[in-house]
Amino acid sequence: MAGGKTAKLSREEELLLQDFSRNVSTKSSALFYGNALIVSAIPIWLFWRIHQMDLYQSGILFAAMSLVSTYFVAFAYKNVKFVLKHKVALKREEAVSRELMKKLADDKKMTKKEKDERILWKKNEVADYEATTFSIFYNNALYLVLLIVVSFYALKNFNPNLNYVVSVGASAGLLALFSTSSK
Amino acid sequence: MNKTDSTKHLELVPLSQRPHVTLPFFKMATTGKMLVVIALVMLPVIASGDKCLGPTVAAESYTTPEITVSTETIFISQFSLTCKNGLKNINLYAEVAGRVVPATRTKDGNKYQISVSDEHKNLPSGSYEIRIFDEEGYSLLRKAQRSGESAENVKPLVTTSINHQGVWKGTLIQTEMVAALVAVLVWWLAYTAKSSLQA
């Protein structure tokens, strides 16, 4: 292929690569870890107030389990986002291209290829964003269901410390497990 | 036998001719008579000290508000009795909801407390009349009860009332059940959205 075209193709390739890789950008990563940390901190409040665990005495336990949970929840976010991104992209493709075409229709200077590239990039961005936010929403909902069911029903009569460790560990672990399903 | 001057004149007089026996009162010395008169005059005053005249009562009460932390319903009434004749430290008894209980009294003799407890269903909500009796009234009440007569006829010293709002039986659904149901509902919506996206 010609040199000029190589640059554009490699950008397309870059986009495709980005599409198919499971790696997330720094910004997404920050978003995921931040959200995961907040969600993992919620059980602390629950156990402090309802199961009456003292905040300072159990501080180390809370911190340790929150970090473990943050890791697993972020892992789940990434997986679900990856699975969803393509499906979302397929669904939104038409709408995005229609919108952009309308916007760029008056611009005669741009070549079709450039327009296509822009559409692809825009589609990627939209799909990325939608998949990210949906993944966070879905995983949070599932995490909270698992947490409530495990800590209030399954482990109701156990020692609060054990209850906290097992319920947070199990919820985060199960979340990570469910996220690895390929469907 | 030494004969005093006062009885000497009776010694030789035959029975039929002896004068009629007079009340010992008239034979007493003057100081003795005065004391008796004073005692007689003071009697109503001392006697009225036993009975509370013109009683008024000021009561505060407590009734069990919920069954979640109580095994029985309890009524507690704390009242102070004021008598117009300034009487204190009398024993009181109260009849409430068909039960007769003695009232415990504080040291300074003015405040009384009664308490009645029973199963929740035996003390339903409503206004209950508390009839307060003194010793006399209480013995009349017991007599009426023993003879099988209605205790309603015995007049109490004073009455007050206690209002029982009823007991709260606790929530219908446990909080964690509500939380779990809401969480499951939210997750279900998310799941259906995800499925439709992946379809």
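Visitor: What should I know about the numbering and the basis of the model?
Guide: Residues count from 1 along each chain as its sequence is written, and chains are lettered from A and ligands numbered from 1 in the order in which they are written. This is a predicted model, where local features need pLDDT of at least 70, side-chain atom pairs count only at pLDDT 80 or more, and totals for chains, interfaces and linings use all residues, while side-chain values use heavy atoms, without hydrogens and water.

Visitor: What percentage of chain B counts as buried?
Guide: Buried means under 20% relative accessible area, exposed over 50%, and partly exposed in between (1.4 Å probe, protein chains only). In chain A, 39% of the 183 residues count as buried. For the 199 residues of chain B the value is 27%.

Visitor: Which residues of S3(B) point the other way from Tyr93(B) and Glu95(B)?
Guide: In a regular strand the side chains alternate between the two faces of the sheet. In S3 (residues 93–96) of chain B, Tyr93(B) and Glu95(B) point one way, and all four residues named for this strand are buried. Pointing the other way are Ala94(B) and Val96(B).

Visitor: Which residue of S4(B) is the bridge partner of Glu95(B)?
Guide: Two strands pair if DSSP finds at least two bridges between them. S3(B) and S4(B) (residues 99–102) are antiparallel, with four bridges. Their hairpin has two residues between the strands, and Ala97(B) takes a positive phi near 50 degrees. The partner of Glu95(B) is Val100(B).

Visitor: Where is Thr64(B), and which backbone nitrogen does its side chain reach?
Guide: Thr64(B) lies in the loop between S1 and S2 of chain B. Those strands run antiparallel, joined by eight bridges. Thr64(B) counts as buried because its relative accessibility is 3%. At 2.7 Å, its side chain reaches the backbone nitrogen of Ile74(B).

Visitor: What area is buried between chain B and chain A?
Guide: A contact means heavy atoms within 4.5 Å, and here it takes 16 residues from chain B and 18 residues from chain A. Buried area is the accessible area (1.4 Å probe) that two parts lose on being put together, summed over both. Carbon and sulfur atoms give 72% of it, and the total is about 1600 Å².

Visitor: How many salt bridges are counted between chain B and chain A?
Guide: A salt bridge is a side-chain nitrogen of Lys or Arg within 4 Å of a carboxyl oxygen of Asp or Glu. Over all chains, the structure holds nine. Between chain B and chain A the count is zero.

Visitor: Which residue meets Asp118(B) in a salt bridge?
Guide: The N to O distance in this salt bridge is 2.5 Å, between Asp118(B) and Arg99(B). Asp118(B) lies in strand S6 and Arg99(B) in strand S4 of chain B, so the pair ties together parts 19 residues apart in sequence. Asp118(B) is buried at 17% relative accessibility.

Visitor: What separates Lys112(A) and Asp116(A) in helix H4 of chain A?
Guide: Their side chains meet in a salt bridge at 3.4 Å, N to O. Lys112(A) is exposed at 56% relative accessibility, and Asp116(A) is partly exposed at 35%. Because they are four residues apart in H4 (residues 112–154), the separation is about one helical turn.

Conventions: Polar contact = N/O pair within 3.5 Å; in protein donor to acceptor, adjacent residues only side chain to side chain.
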